[in-house]
Amino acid sequence: MKKVKVYITLKESVLDPQGQAVMQSLHNMDYKNVKDVRIGKYIELQMEDSADVATQVDTVCDKLLANTVIENYRYEIEEDVHS
Amino acid sequence: MKTAVIVFPGSNCDQDMYYAIKDGLGEEVDYVWHAETSLDGYDAIMIPGGFSYGDYLRSGAIARFAGIMPAVIEAANQGKPVLGVCNGFQILLEAGLLPGAMLKNKHLKFICDMVNLKVENNQTQFTKLYDKNEIIGIPIAHGEGNYFCDDATLKELQDNNRIVFTYSGENPNGSRADIAGIINPAGNVLGMMPHPERAADALLGSADGLRLFQSILNHWRESTHAAYTS
């Protein structure tokens, strides 16, 4: 089995209202040194071993997990030691 | 004109859409469950608002792969009118039938309010019964209606008159270029955040939305009449 860790982030050109609200809250907590906050998603997939796991992950990220109009993604594929 | 209102788990404007067409327009309309796979026999397709699949992952992302969606895309490609309202607009964006994506509202608030829209393009089959630049009152109800697209897409929309509705006065959600509704290049797929089906009867506070449905019906009658006589 493989464990795939997918990280989805908003593109730099896209404003992140959630991130801005969280940053404001951090400033209210007196963490004035926080200069930007960007909120993304982390998704874990467990996948059976196959030769084209990476290709499949690319495809599912492009089609479903990320919206590439506004988001970027990257991923890591690891051996799943618990299965 | 026979209309399909697609129903996803979590749709909540399907009944408003149904009654706007049945009572407001006086035309035949059916609910079509998302797991169906055919839209044969329907002349117009409505994708209503709501929170399909709980807005999990992204609004409209999961609905986009529902069983009915290949038939919706096929109907769009056949030139049938396809209207996506609110979550329906989000689904059309996710399906790639319209360009761009939705972000959370600029001030993060879910906004439920009557807004003024400006009819930017009254030459579409959805807007023929409005005047150009007419201001109409239509309600909005969304948390993610902050329309985003890149510069090239915005220019493409502007140059080809594909921005059909904009917010008049204050922009409620931060959408690019005040966009409230856009249409595809062929002119048969319209996505809009405001709810014309909730403004289809004066008793609801506005009947401005009814003309959108009447426009679709008129266009359908003209095109089918042309088909019979040609």
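The exercises below, each with a worked solution, concern a predicted model with chains A and B.

**Exercise 1. Determine how the radius of gyration of chain B compares with the globule rule, and describe the extent of the chain.**

Solution. Start with the secondary structure: chain B has five helices and eleven strands. Next, take the radius of gyration, which is 16 Å for chain B, while the globule rule gives 17 Å for 230 residues. The two values are close, so chain B is as compact as a globular protein of that length. Along the principal axes, the C-alpha atoms of chain B occupy a box of roughly 50 × 40 × 40 Å. Burial comes next: 52% of the 230 residues of chain B count as buried. Finally, consider contacts in chain B between residues at least 6 apart in sequence; 76% of them join residues at least 24 apart.

**Exercise 2. Work out the strand order of the open sheet in chain B, and identify its edges.**

Solution. The sheet has nine strands, in the order β2-β1-β3-β4-β11-β10-β9-β6-β7 of chain B, and the pairing is mixed. The edges are β2 (28-33) and β7 (135-142) of chain B, each of which pairs on one side only. From one strand to the next, the twist averages 20 degrees. At the β7 end, β6 (residues 111-119) of chain B pairs with β7(B) in the antiparallel sense over eight bridges. Within this region, B:Val115 is opposite B:Ile138 in β7(B). To place a helix against the strands, take α2 (residues 69-77) of chain B: this helix lies across β1 (2-7), β3 (44-47), β4 (82-85) and β11 (189-192) of chain B. Its angle to β4(B) is about 125 degrees.

**Exercise 3. Find the residues that touch the most other members of the largest nonpolar core, and examine the surroundings of B:Leu92.**

Solution. The largest nonpolar core has 75 residues, and those touching the most other members are B:Ile6, B:Ile45, B:Met46, B:Val72 and B:Leu92. Excluding neighbours within four places in sequence, B:Leu92 contacts B:Ile47, B:Gly84, B:Leu97, B:Leu98, B:Val189 and B:Gly191. A second, separate core has six residues, among them A:Val4, A:Val57, A:Ala66 and A:Tyr73. As background, nonpolar side chains in soluble globular proteins tend to be buried together.

**Exercise 4. Trace the pairing of β1 in chain A through A:Val6, then locate A:Lys2.**

Solution. Strand β1 (residues 2-10) of chain A runs antiparallel to β2 (residues 41-47) of chain A, with seven bridges between them. β1(A) also pairs with β3 (residues 71-79) of chain A, in the antiparallel sense over nine bridges. A:Val6 has the bridge partner A:Ile43 in β2(A) and A:Tyr75 in β3(A).

A:Lys2 is in strand β1 of chain A. There are 17 other C-beta atoms within 10 Å of A:Lys2; a residue needs 20 or more to be buried, so A:Lys2 is partly exposed. Not counting residues up to four places away in sequence, A:Lys2 touches A:Met47, A:Asp49, A:Val53, A:Ile77, A:Glu78, A:Glu79 and A:Asp80.

**Exercise 5. Characterise two residues with positive phi, and then the contact between the chains.**

Solution. B:Leu108 is not a glycine, yet has a positive phi of about 65 degrees. B:Leu108 sits in the loop between β5 (101-103) and β6 of chain B, and is partly exposed, with 13 other C-beta atoms within 10 Å. B:Asn161, also not a glycine, has a positive phi of about 60 degrees. Its loop is the one between α4 (151-159) and β9 (163-167) of chain B. B:Asn161 has 13 C-beta neighbours inside 10 Å and counts as partly exposed.

For the interface, eleven residues of chain B are in contact with eight residues of chain A. The side belonging to chain B consists of six nonpolar, one polar and four charged residues.

Key: Residues numbered from 1 in each chain as written. Chains lettered and ligands numbered in written order. Predicted model: local features only at pLDDT ≥ 70, side-chain atom pairs only at ≥ 80, totals over all residues. Helix = DSSP H or I, 4+ residues; strand = E, 2+ residues; numbered from the N terminus. Rg over C-alpha atoms; globule rule 2.2 N^0.38 Å. Buried ≥ 20, exposed ≤ 12 C-beta atoms within 10 Å, placed from the backbone. Contact = placed C-beta atoms within 7 Å. Core = buried A, V, L, I, M, F, W, Y, C linked by C-beta atoms within 7 Å. Nonpolar A, V, L, I, M, F, W, Y, C, P; charged D, E, K, R; others polar. Pairing = 2+ DSSP bridges. Axes fitted to C-alpha atoms, helices over the stretch in contact; angles between N-to-C directions.
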